[in-house]
Amino acid sequence: MVSRVESAAATRHALVDAAAELLDEGGPDAVTLRAVGARAGVSRGAPYGHFPDKEHLLSAVAAKSWAEVGGELDALITEEHLSPTDRLERALAGLMRVGRRRPHTYALMFGAPSGELSDAIAAVSRTHDQFLSIVTEAIGDPGRARPVGAMLLTSVHGIIGMENGGHLDIEKWHVTGDQLLEMIIKSAATHGVRCSHSSNRRKF
């Protein structure tokens with residue numbers, strides 16, 4: 001027999017999944033508590049029992065999306081056969097897939113969460129920490145992991161923005177988004193090694 005707590009958790013999960021589907025299909029305007037309830041197959045008042053408003057519901061979608069990215073990073077971290085650079089490339093490629101296939105979700109994930117929406121903030125923080133561990137291993141310089149990680153994420157964010165906006169025209173720029181990803185990873189790896197060597201020279 002399913003307990004009331006389990007039933008409530010299942011309903012909340014169904015609502016978040018339904019909201020994610022509607023977001024992918026029609027953007028934020030398509031996500032209303034009534035539409036989400038109908039998609040999830042629950043009573044009209046059920047969404048209001050779990051989420052006070054649309055902002056909290058979308059925050060739950062963002063937290064779920066970041067958790068999914070975090071799950072992919074966990075899997076990459078435990079894949080021992082991958083080189084550190086390959087692991088980094090796959091981590092960034094995974095984020096690019098979200099941006100390409102689910103642009104509305106991607107935009108939500110990188111939006112500014114309210115300070116009251118702690119679930120989304122915690123999910124983002126955990127995923128960033130996972131990513132930083134991958135960057136650290138790839139560049140071999142813990143002291144430079146944060147700025148290099150920020151450079152990588154902002155570069156990927158720019159690639160996705162250019163692609164989704166139709167501005168990364170191969171005839172104009174003679175490069176694809178995937179080729180740019182390879183370039184920035186090589187740059188980050190080289191930069192990390194260079195900074196490490198420079199730091200070692202300063203010690204003598």
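Biologist: I77 lies in helix α4. Why does I77 count as partly exposed?

Modeller: This is a predicted model, in which local features need pLDDT of at least 70 and side-chain atom pairs count only at pLDDT 80 or more, while totals for chains, interfaces and linings use all residues. Residues are numbered from 1 along each chain as its sequence is written, and side-chain values use heavy atoms, with hydrogens and water left out. The relative accessibility of I77 is 37%. Buried means under 20% relative accessible area, exposed over 50%, and partly exposed in between (1.4 Å probe, protein chains only). The 37% of I77 falls in between, so I77 counts as partly exposed.

Biologist: Which residues does I77 touch, leaving out those up to four places away in sequence?

Modeller: I77 touches R87, Q130, S133 and I134, where contact means heavy atoms within 4.5 Å. F131 is 54 residues from I77 along the chain, and the C-alpha atoms of the two are separated by 9.4 Å.

Biologist: What makes a stretch of this chain a helix, and how many helices does the protein have?

Modeller: Helices are DSSP runs of H or I with at least four residues, strands are runs of E with at least two, and both are numbered from the N terminus. On that basis the protein comes to 10 helices and 0 strands. Along the sequence the pattern reads α-α-α-α-α-α-α-α-α-α.

Biologist: How do you know that the length of α1 agrees with its number of residues?

Modeller: The expected span of a helix is 1.5 Å times one less than its number of residues. Helix α1 has 23 residues, 4-26, and should therefore span 33 Å. Its end C-alpha atoms are 33 Å apart, so the two values agree. G27 follows α1 and has a positive phi, near 80 degrees.

Biologist: Which residues of α1 are buried, and what covers them?

Modeller: L15, V16, A18, A19, A20, L22 and L23 are buried. The cover includes α2 (33-40), α3 (46-50), α4 (54-78) and α6 (103-109). Over the protein, buried residues make up 35% of the 204 residues.

Biologist: Why is α1 called roughly perpendicular to α4?

Modeller: The two helices pack at an angle of about 85 degrees, and their axes are 9 Å apart. Axes are lines fitted to C-alpha atoms, for helices over the stretch in contact, and angles run from 0 to 180 degrees between N-to-C directions. Angles under 35 degrees count as roughly parallel, over 145 as roughly antiparallel, 65 to 115 as roughly perpendicular, and the rest as oblique. About 85 degrees falls in the 65 to 115 range, so α1 is roughly perpendicular to α4.

Biologist: Which residues make that contact, and how do they divide by class?

Modeller: From α1 they are R12, L15, V16, D17, A19, A20 and L23, and from α4 they are L57, A60, V61 and K64. By class the contact has 8 nonpolar, no polar and 3 charged residues. Ala, Val, Leu, Ile, Met, Phe, Trp, Tyr, Cys and Pro count as nonpolar, Asp, Glu, Lys and Arg as charged, and the others, Gly among them, as polar.

Biologist: R12 lies in helix α1. Is R12 buried, partly exposed or exposed, and what does R12 touch?

Modeller: R12 has a relative accessible area of 32%, so R12 is partly exposed. Not counting residues up to four places away in sequence, R12 touches H50, F51, A60 and D119. The C-alpha atoms of R12 and A60, 48 residues apart along the chain, are separated by 9.6 Å.

Biologist: What makes A35 partly exposed?

Modeller: A35 is in helix α2, and its relative accessibility is 26%, so A35 counts as partly exposed. Leaving out residues up to four places away in sequence, A35 touches L22 and A30. The C-alpha atoms of A35 and A19 are 8.3 Å from each other, at 16 residues along the chain.

Biologist: Where does UniProt place the feature "DNA-binding region"?

Modeller: The unreviewed UniProt entry gives residues 32-51. UniProt positions follow the numbering used here, feature names are shortened, and annotations may be inferred rather than shown by experiment. Over residues 32-51 the chain is 65% helix and 0% strand, with its end C-alpha atoms 11 Å apart.

Biologist: Why is H174 called exposed?

Modeller: H174 has a relative accessible area of 65%, which is over 50%, so H174 is exposed. H174 is found in the loop between α9 (170-173) and α10 (177-202). Its phi is positive, about 60 degrees, although H174 is not a glycine.
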